[in-house]
Amino acid sequence: MTEINFHGATFEQSAPSIRECPPESGAEVAFAGRSNAGKSSAINALTQNSKLARTSKTPGRTQLINFFRVGEAQKLVDLPGYGYAKVARSMKEQWQENLSEYLQKRECLRGLILLMDIRHPMQEFDTMMINWAVEIEMPVHILLTKADKLKRGPAQNTLFAVRKQMKEAGVEDLVSAQCFSSLKRDGVEELKTQLTEWLTLQN
Ligand code: GDP
């Protein structure tokens, strides 16, 4: 399998909407999650570059789709965080539209990393993203983030419960899950393996 140099990730560009995304080429994997799920921290842990996913924490700021290059033809895509309580309803709807449009139309997208705080998994946004992805047979890999906040037993139980839910929904072939801690760097290798598999997949 081709090695992907995650540590060599470089910022490529930001796009306010699908229309302004860079042209389709190579392979992409996107990262999505509710605001505060730990997306920037996870991207930082993965790339060991703390400047890369410096997201604005200001509610109401323009939400951009950010593209990071990790290889000649491979990109990671940081999708706008979702769910600031203070953001107007119209803006939330705009984000939803952007996200679903990106998922549905972006042909070089190989998979979706969906981040959820392990203490609050499977919120409305998460099931919405999973449903959109499953509808178009897009594989999803769930990161149960901040796993260090729970003891090992409860963390594993949450992981098993999420997997069981996927099995019961009949989507276990498309949706996988793991525990993750940016703080402890737990789960980074497992994440890299999944990303590498998707990014080096031949069309
Ligand atoms: P984002 O909004 O999804 O980009 O989330 P951030 O990466 O900014 O993280 C949100 C908050 O959770 C911050 O206060 C982080 O320090 C904290 N956080 C993120 N990852 C971890 C983790 O692995 N362990 C712990 N304990 N806290 C984390």
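**Notebook: fold and ligand site of a predicted model**

I began with the secondary structure and found five helices and seven strands in the chain. The model is a predicted one. Following the sequence, I read the order of elements as β-β-α-β-β-α-β-α-β-α-β-α.

I then turned to the overall dimensions. Along the principal axes, the C-alpha trace extends over about 45 × 45 × 35 Å. I compared the radius of gyration with the globule rule: a compact globule of 203 residues would have a value near 17 Å, and the 16 Å of the chain therefore agrees with it.

Of the 203 residues, 50% are buried. Among contacts with a separation of 6 or more, 75% join residues 24 or more positions apart.

I moved on to the ligand. I listed 15 residues around the ligand, and the closest are N36, K39, S40, S41 and D148. Sorted by class, this shell holds seven polar, six charged and two nonpolar residues.

I then checked individual distances to ligand oxygen atoms. For S40, a side-chain N or O atom is 2.3 Å from an oxygen atom of the ligand. K39 places a backbone N or O atom 2.7 Å from a ligand oxygen, and for N36 I recorded 2.8 Å, again from a backbone N or O atom to an oxygen of the ligand.

Methods. Residues are numbered from 1 along each chain as its sequence is written. This is a predicted model: local features need pLDDT of at least 70, side-chain atom pairs count only at pLDDT 80 or more; totals for chains, interfaces and linings use all residues. Side-chain values use heavy atoms; hydrogens and water are left out. A residue is near a molecule or strand if one of its heavy atoms lies within 4 Å of it. A polar contact is a pair of N or O atoms within 3.5 Å; within protein, one must be able to donate a hydrogen and the other to accept it, and residues adjacent in sequence count only if both atoms are side-chain atoms. Ala, Val, Leu, Ile, Met, Phe, Trp, Tyr, Cys and Pro count as nonpolar, Asp, Glu, Lys and Arg as charged, and the others, Gly among them, as polar. Helices (H or I, at least four residues) and strands (E, at least two) are DSSP runs, numbered from the N terminus. The radius of gyration is taken over C-alpha atoms; the globule rule is 2.2 Å times the number of residues to the power 0.38. Buried means under 20% relative accessible area, exposed over 50%, partly exposed in between (1.4 Å probe, protein chains only). Contact means heavy atoms within 4.5 Å.
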